Amino acid sequence: TIKIMIDGAETEIVKGTTVLEAARDQGINIPSLCYLKGVNHSSSCRVCVVEVGPRLIASCTLIAEEGMKILTNTKKVRDARRTSVELLLSDHDRECLSCSRGGGCELQTVSNDLNIRKVTYTGEQSSREKDYSSPAILRDASKCILCGRCVGACGTVQTVGAIGFAKRGFDTVISTAFGRSLADSTCVNCGQCIMACPVGALTEHENISDVWNAIADPDKYVVVQTAPAVRVALGEEFGLPVGTRTTGKMVAALRRLGFDKVFDTNFGADLTIMEEGTELLSRLSSGQKLPLMTSCCPGWVKFMEHNFPDMLVNLSTCKSPHEMEGAVIKSYVAGKLGIEPQNIVVVSIMPCTAKKFEGAREELAHENMQDVDWVLTTRELAAMIKEAGIDFVNLKDEAFDHPLGIGSGAGAIFGTTGGVAEAALRTVFELTSGTPLDTVEYTAVRGMTGIKENTIELPDGKQIRTAVVHGLGNARKLMEALQRGEKSYDFMEVMACAGGCITGGGQPIVDAKTAEQIDIKAARAKAIYSEDEAQTIRKSHNNPFIKVLYEEFLGEPNSHLAHELLHTHYTV
Ligand code: HC1
Ligand code: SF4
Ligand code: SF4
């Protein structure tokens, strides 16, 4: 440890700590904008300056040294911070009342905290370009403050590098390579740039009015399904603590919004396990196309298409759970309800922006109909609930509709890293042994380590060498190791977002400071595992309605009909 003086008080800190971290530990709230722990450390905004000797220095990149004397609250410091923020505001589209980031904007918070009451500087305005090309992500340069947090998320964390700084000086912008549209870039639609953005420069491509229109259309039967990770985060949009489970309230709210049926994507996840588990066993016996790689994350699928096209054969042919569920809704359920599939609109509520892109992919259609018509993020669902005037926090719990409203605990854990692997192992193990498993928890695939390796021995002696990866930077590392022949597996679960879907690009946005204080991933993952523990049925093959669906309709896993409806191929 070393000793430093902050505002006249001596304090002992760990060597290597930045002045910003040291001050925040002392309860001194230094404002900042461009700093995002683990993502961006560029000190470009200069809002976090402090006085050290005669100089004003950005505290986010300043490593404290023994004996350093730091002043965080002098007139000189306050004036400099205010000037930096005023300059940002002078070139910012200040239509705050209609901005999607509204009260959650970090620029608004900082400018309020600094008591900025009017913007003194006015002058030339830089780029006002808006890019609406992507079905998933919108970019609005008029809101951009050039902090670089999105560039860190996309380049450093995800290793996609679809967006970066371009041009110089006053003309500097965040842009794609060669100024292409985002839809034409290497962007995989993961939305991690949105999660990093402190303002409203990056948002999802909203489909709220499309869904309101469908609900209002008397000729349409509108069915909604909700992803595993939505229920453990939606409450945050209504002020509930991170990690609150709101499954019953979410269902009640969806009914009040006017959806005709409220189904659970956890059912689709169980169906995926039946299909993918069977596919794994058959690839294991043939020894072909191993490792089998999961295909439920559309960010990962597109990352593969751009970066590892020769390994696309390794992807599971399974559609993702909500796509499978959409296909079942427009075939089996349509038949049961006596409704023409063309008159059914399937809406998926997802923690994910890439699912918007996935929903529109031609590989995910059947008889010229998309399996899923609209995808809304957790944030868009919250916006609809607010618009409808529903008092979410005080809603009484309601249950999902039948028949696609039953999901097992195995389906529930899909929402966190390791969940798909654990769910698959529960079923594959039991189906090969023929006897029930005593312990259902495979803790080896749990936790937030970036790459988790584990070998599972099946009762018949077969081994499944498993790797669980989350975050595309980790996925790239592992894929390159596979290519070099340094690694070899039978089964790989890959999720584009660090932590899995619980921190997907469509989830409630957590500001930079809160993210330092609360372990968001751990809190939401804990809630997901509680969802699993609360179920009496914890294995996909024991879901009673999965059994009925195979008996009445699909035949058996990987049957001809199952292939036609529930599987696809990605090629480039
Ligand atoms: Fe996910 Fe999935 S878990 S992809 O990560 O396989 O979005 O939550 O719905 O489809 O089930 C997302 C989450 C989600 C699918 C499932
Ligand atoms: Fe990069 Fe993901 Fe944002 Fe696309 S959505 S620009 S891949 S961070
Ligand atoms: Fe979407 Fe989940 Fe993949 Fe993230 S990990 S891109 S939220 S499917």
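The shell around ligand 2 is made up of ten nonpolar, four polar and no charged residues; here Ala, Val, Leu, Ile, Met, Phe, Trp, Tyr, Cys and Pro count as nonpolar, Asp, Glu, Lys and Arg as charged, and the others, Gly among them, as polar. This is a predicted model, in which local features need pLDDT of at least 70 and side-chain atom pairs count only at pLDDT 80 or more, while totals for chains, interfaces and linings use all residues. Residues are numbered from 1 along each chain as its sequence is written, and chains are lettered from A and ligands numbered from 1 in the order in which they are written.

**Ligand 2**

- There are 14 residues around ligand 2, and Cys-154, Val-160, Cys-187, Cys-190 and Cys-193 come nearest; a residue counts as near a molecule if its C-beta atom, placed from the backbone, lies within 6 Å of it.
- At least two residues of the shell around ligand 2 are supplied by each of helix H4 (149-157) and H5. Helices (H or I, at least four residues) and strands (E, at least two) are DSSP runs, numbered from the N terminus.

**Ligand 1**

- Ligand 1 is surrounded by 21 residues, of which Ala-227, Ala-229, Cys-296, Cys-352 and Cys-501 are the closest.
- The shell around ligand 1 divides by class into 13 nonpolar, seven polar and one charged residues.
- Helix H8 (265-286) and helix H10 (321-337) each give at least two residues to the shell around ligand 1, and the largest share, three residues, comes from H8.

**Ligand 3**

- Around ligand 3 there are 15 residues, with Cys-297, Gly-299, Cys-352, Cys-497 and Gly-504 coming nearest.
- Two or more residues of the shell around ligand 3 come from each of helix H9 (298-307) and helix H11 (354-359); H9 gives the most, with three residues.
- The shell around ligand 3 comprises eleven nonpolar, three polar and one charged residues.

**Domains 2 and 3**

- The protein chain is divided into domain 1 (2-90), domain 2 (128-204) and domain 3 (209-566), with bounds that come from an automatic or database domain assignment.
- The centres of domain 2 and domain 3, taken over C-alpha atoms, are separated by 27 Å.
- The contact between them takes 17 residues from domain 2 and 25 residues from domain 3; two residues are in contact if their C-beta atoms, placed from the backbone, lie within 7 Å.
- On the side of domain 2 that touches domain 3, helix H5 (residues 192-196) gives the most, with three residues.
- That side of domain 2 has ten nonpolar, six polar and one charged residues.

- H8 has 22 residues and spans 31 Å from its first C-alpha to its last, close to the 32 Å expected at 1.5 Å a residue; the expected span is 1.5 Å times one less than the number of residues.
- Twelve of the 17 residues of H10 are buried, and the helix is mostly covered. A residue is buried if 20 or more other C-beta atoms lie within 10 Å of its own, exposed if 12 or fewer, and partly exposed in between, with C-beta atoms placed from the backbone.
- The buried residues of H10 include Pro-321, Met-324, Val-328, Ile-329 and Val-333, as well as Glu-323, Glu-325 and Lys-330.
- Gly-338 follows H10 and has a positive phi, near 70°.

- H12 is mostly covered, with seven of its ten residues buried: Thr-378, Arg-379, Glu-380, Leu-381, Ala-382, Met-384 and Ile-385.
- The cover over the buried residues of H12 includes strand S10 (202-204), helix H6 (208-216), helix H7 (247-257), strand S14 (344-350) and strand S17 (374-377).
- Lys-386 lies in helix H12 (residues 378-387) and counts as exposed because it has 12 C-beta neighbours inside 10 Å.
- Lys-386 and Glu-237 are 149 residues apart in sequence and 9.6 Å apart in space, C-alpha to C-alpha.
- Gly-389 follows H12 with a positive phi, near 75°.

**Gly-38**

- Gly-38 is placed in the loop between helix H1 (19-25) and strand S3 (49-52).
- Gly-38 counts as exposed because it has 12 C-beta neighbours inside 10 Å.
- From Gly-38 to Ile-6 there are 32 residues in sequence and 24 Å in space, C-alpha to C-alpha.
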